[in-house]
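Take a look at the chain below. Trace its strands first, then its charged side chains.

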Amino acid sequence: MMFMLTTDPALAAQIEATSPSMSIPSPTPEVAEAGPSELSAEEVASIGALTVFADADESIGAFPLTVRLDLEVLPGTGLPPYRYHWDFGDGTRFSDEQSPTHIYRIPGNFRASVVVIDARGELDQDYVDISVNEPRASGAISARELRAWVLEQGQPDGGSARETDASPPHPGPGGQAPDASR
């Protein structure tokens, strides 16, 4: 069984096509009965709809990027015990831990999503966007840093930055300063 929270048939087809193995079985009777047996019917009825929030200790960085994902169930919502299903968005194995640690080994933008099911079979989901960048070469500068440096080198007498002898803050490829005259 696949849980999809959308009424758009095209989006549902796209989700199913891109995540065919992202399915969570219905709660087993043992799980569904575990919470209510300790609470009265009135107490169970007073519990709010399951509400979860996902977060990450790091959401941007160079690969390999180690991310600790965390999940919070809003107090007063859902009925324990809970089941968790994390999809890290990078094609690797899923996790059933509440707060897994995952290593992103390739650059790209990923959505780590989690589905939580409580003892009543209610579910909620949330996600965290993760951006993994290529690592920078030692001593390399970005185009933005180079442009800022070039603009800072402008002369008070109206001369251009090309006429200055100043060196950029970081060496370019091969350890050489970029040629600002080009």
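Which residue in S6 is the bridge partner of Asp-87? The partner is Ser-113.

## About the model

This is a predicted model, in which local features need pLDDT of at least 70, side-chain atom pairs count only at pLDDT 80 or more, and totals for chains, interfaces and linings use all residues. Residues are numbered from 1 along each chain as its sequence is written, and side-chain values use heavy atoms, with hydrogens and water left out.

Start with some terms. Strands are DSSP runs of E with at least two residues, numbered from the N terminus. Two strands pair if DSSP finds at least two bridges between them. In general, strands of a sheet pair through backbone hydrogen bonds, either parallel or antiparallel.

Strand S4 covers residues 83-87, and strand S6 covers residues 108-117. The two run antiparallel and are joined by five bridges. S6 also pairs with strand S7, residues 123-133. That pairing is antiparallel too, over ten bridges. Within it, Ala-112 stands opposite Val-128 of S7. Five residues lie between the strands in the hairpin of S6 and S7. There, Gly-121 takes a positive phi near 90 degrees.

## The three-stranded sheet

An open sheet has three strands in the order S1-S3-S5, with antiparallel pairing. Strand S1 (52-56) and strand S5 (101-104) are at the edges. Each has a single partner strand, so one side of each is left without a neighbour in the sheet. From one strand to the next, the twist averages 30 degrees. The axes behind such angles are lines fitted to C-alpha atoms, and angles run from 0 to 180 degrees between N-to-C directions.

S1 and strand S3 (residues 65-73) run antiparallel, joined by five bridges. Ala-54 stands opposite Leu-71 in S3.

## Thr-92 in its loop

Where is Thr-92? Its place is in the loop between S4 and S5. Thr-92 is partly exposed, with a relative accessible area of 36%. The cut-offs are simple: buried means under 20% relative accessible area, exposed over 50%, and partly exposed in between (1.4 Å probe, protein chains only).

The side chain of Thr-92 makes a polar contact with the side chain of Asp-90, at 2.6 Å. Another polar contact, of 3.5 Å, joins the side chains of Thr-92 and His-102. A polar contact is a pair of N or O atoms within 3.5 Å; within protein, one must be able to donate a hydrogen and the other to accept it, and residues adjacent in sequence count only if both atoms are side-chain atoms. Thr-92 and Ile-103 are eleven residues apart in sequence, and 9.9 Å apart in space, C-alpha to C-alpha.

## Salt bridges

How many salt bridges are there? The count comes to three, where a salt bridge is a side-chain nitrogen of Lys or Arg within 4 Å of a carboxyl oxygen of Asp or Glu. One of them joins the side chains of Asp-129 and Arg-111 (2.8 Å, N to O). This pair links distant parts of the chain: Asp-129 is in strand S7, Arg-111 is in strand S6, and they are 18 residues apart. Asp-129 is partly exposed at 43% relative accessibility, and Arg-111 is partly exposed at 42%.

Arg-120 forms a salt bridge with Asp-118, with the closest N and O atoms 3.6 Å apart. The side chains of Arg-120 and Glu-122 also meet in a salt bridge (3.6 Å, N to O). Salt bridges that share partners join Asp-118, Arg-120 and Glu-122 into one network. Is Asp-118 buried or exposed? Asp-118 is buried, with a relative accessible area of 1%. Arg-120 is partly exposed at 28%, and Glu-122 is partly exposed at 28%.

Terms used. Helix = DSSP H or I, 4+ residues; strand = E, 2+ residues; numbered from the N terminus.
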